[in-house]
There are 2 protein chains.
Amino acid sequence: MSVARALTIAGSDSGGGAGIQADLKTFQMLDVFGMSAITAITVQNTLGVHGIHHIPIDIIVGQIEAVVTDLGVDAVKTGMLAQVPVIEVAAHQLQKHRLTQVVVDPVMVAKGGARLLDVDAENALIKHLLPLAAVVTPNIPEAEVLIKSPISGLEDMKEACRKIHSFGPRAVIVKGGHLAGAAIDVLFDGTDFIELPSKRIDTRHTHGTGCTFSAAITACLAKGDTLSAAVFTAKSFITAAITDVLELGQGHGPTNHWAYAKNAKQGKH
Amino acid sequence: MSVARALTIAGSDSGGGAGIQADLKTFQMLDVFGMSAITAITVQNTLGVHGIHHIPIDIIVGQIEAVVTDLGVDAVKTGMLAQVPVIEVAAHQLQKHRLTQVVVDPVMVAKGGARLLDVDAENALIKHLLPLAAVVTPNIPEAEVLIKSPISGLEDMKEACRKIHSFGPRAVIVKGGHLAGAAIDVLFDGTDFIELPSKRIDTRHTHGTGCTFSAAITACLAKGDTLSAAVFTAKSFITAAITDVLELGQGHGPTNHWAYAKNAKQGKH
């Protein structure tokens, strides 16, 4: 059996709903072989992050090298990189191994609004990583940090896409979930805008939504889909995952990584 | 959607074929929500282990506590624990939280035959962890270490089951894959022996076989299966995973975690 291969460079979420756990589950459900370079171990559940252990740089580099040089990688996503040296070595590895199908999820702002990266790391991400991205996937608070300006509607989102695209990624998708009203995402490839509206789903079980969405794009790119096809599939995947909730945990529960496949089996796509 | 929950306490394999990666993929394919407490990060691919970073004890304990106290756990498996303090805190956590559906994969001997645990850790595993196990799943080299005696046939395997059972686990399965001839596994619950024969499959793609098998047992126990039903399913899962190879990597490639579900869809179970 021939299989596409995806690598996630991100943190570990013990709770299984976000981080490399969400990525590996998403890759698996989209028939892509998942591998990981873990940057940090978080002590985490649906109530929050209670501890963090950063992995030494040489071990992060070692994991990427081991995977790329032996098993091979068709697409990569980056999640929580957290520190300047991690961002720098990740960017270096992507260039060294000529990895071009790169999805950058710019994990910068926690659910409660707290900044996860210091200003140096935000700048390193913009300078070193964004120019290597096939697509970068900020939510509204992350896009606001990237463009240093508030976003309050669709026109602002489009302007943010233009500004972020000027940092070098081949495409940008700004996710509208944090705005009021329908959850419109805006995809911009430097020329055209595509608006992806979807019904707002009233649920607190959104832990790992961003990880899962970007992992689904990565899986589709690994299989050779075009970016717009990958984004459409990822939007269906995450919408299904948020709709059919698992009801786990006392806080923001994980999304349902089986729901998309279940819908497909029932002919719902 | 209601879902069973499983926790793996084990090492991370960057290559995605063994460790918590194999466990999470197996849980996912058997419809069980997977969570993890990572004990070590290995720099690993199909050619071997090229580096290892041990996670601090407080972060290991934190991961287990975060998961058990919030999301809840129906079954647990332990894999690479590597050091005496890790074995001790894992055993303490299992007792503290009254976790009884525990699958202990006594990871002790590497593919090439090298001992992964020192004698102190082997003894700690026997003393602290085996008495808490619903089932312990050694292969032949691991069973030989546990009973301090060579094993060369079916009668020796049964004797090993008896001896290991006397250390306290509720059941033992000694896996025969390392012996010549058919791959017979022997399950012993303290009273009866069940022999599980299967055709030997000629493949070098057996990386993570032990992790995957014990994870499949764990997933089934989490869903409420009896131990013998869980072991039968796990045997089918791993046989399918070894049969339909992925052909990844230059060494011992990973097994195919999709194969069992694919067979089910085709009515092969």
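In chain B of this predicted model, helix α7 (residues 209–222) and helix α8 (residues 227–243) pack with their axes 8 Å apart, at an angle of about 140 degrees. That angle makes α7(B) oblique to α8(B), since roughly antiparallel would take an angle over 145 degrees. The two helices cross in a right-handed sense.

As for who touches whom, α7(B) brings T209(B), T212(B), F213(B), A216(B), I217(B), C220(B) and L221(B) to the contact, and on the α8(B) side they meet L227(B), A230(B), V231(B), T233(B), A234(B), K235(B), F237(B), I238(B) and I242(B). Sorted by class, that contact holds twelve nonpolar residues, three polar ones and one charged.

Over in chain A there's another helix pair to look at. Here α2 (residues 57–70) and α3 (residues 84–96) have axes that come within 10 Å and cross at roughly 25 degrees. So α2(A) runs roughly parallel to α3(A), the cut-off for that label being under 35 degrees. The crossing of α2(A) past α3(A) is right-handed. On the α2(A) side, the contact is made by I57(A), I60(A), V61(A), I64(A) and E65(A); their partners in α3(A) are P85(A), V86(A), V89(A), Q93(A) and K96(A). The class count for this one is seven nonpolar, one polar and two charged residues.

Now for how the chains relate. Turn chain B by 180 degrees, with a shift of 0.0 Å along the axis, and it lies on chain A with an RMSD of 0.0 Å. That's the relation of a two-fold axis. Both copies use the same surface, with 100% of the contact residues of chain B recurring in chain A. Which residue of chain B comes closest to the rotation axis? It's K25(B), whose C-alpha sits at 3.3 Å.

Back in chain B, a couple of backbone angles deserve a look. Most residues other than glycine have a negative phi. R98(B) has a positive one, near 50 degrees, and K148(B), also not a glycine, has a positive phi of about 55 degrees. R98(B) lies in the loop between α3 (84–96) and β5 (102–104), while K148(B) is in the loop between α5 (140–147) and α6 (154–165). Are these two buried or exposed? R98(B) counts as exposed, and K148(B) is exposed as well, because exposed means over 50% relative accessible area. Here they are side by side:

| Residue | Phi | Relative accessible area |
|---|---|---|
| R98(B) | near 50 degrees | 71% |
| K148(B) | about 55 degrees | 63% |

Terms used:
Residues numbered from 1 in each chain as written. Chains lettered and ligands numbered in written order. Predicted model: local features only at pLDDT ≥ 70, side-chain atom pairs only at ≥ 80, totals over all residues. Heavy atoms only, no water. Axes fitted to C-alpha atoms, helices over the stretch in contact; angles between N-to-C directions. Helix = DSSP H or I, 4+ residues; strand = E, 2+ residues; numbered from the N terminus. Parallel < 35°, antiparallel > 145°, perpendicular 65-115°, else oblique. Left-handed = near helix turned anticlockwise from the far one by under 90°. Contact = heavy atoms within 4.5 Å. Nonpolar A, V, L, I, M, F, W, Y, C, P; charged D, E, K, R; others polar. Least-squares fit on C-alpha atoms with pLDDT ≥ 70 in both. Buried < 20%, exposed > 50% of the residue type's maximum accessible area, 1.4 Å probe, protein only.
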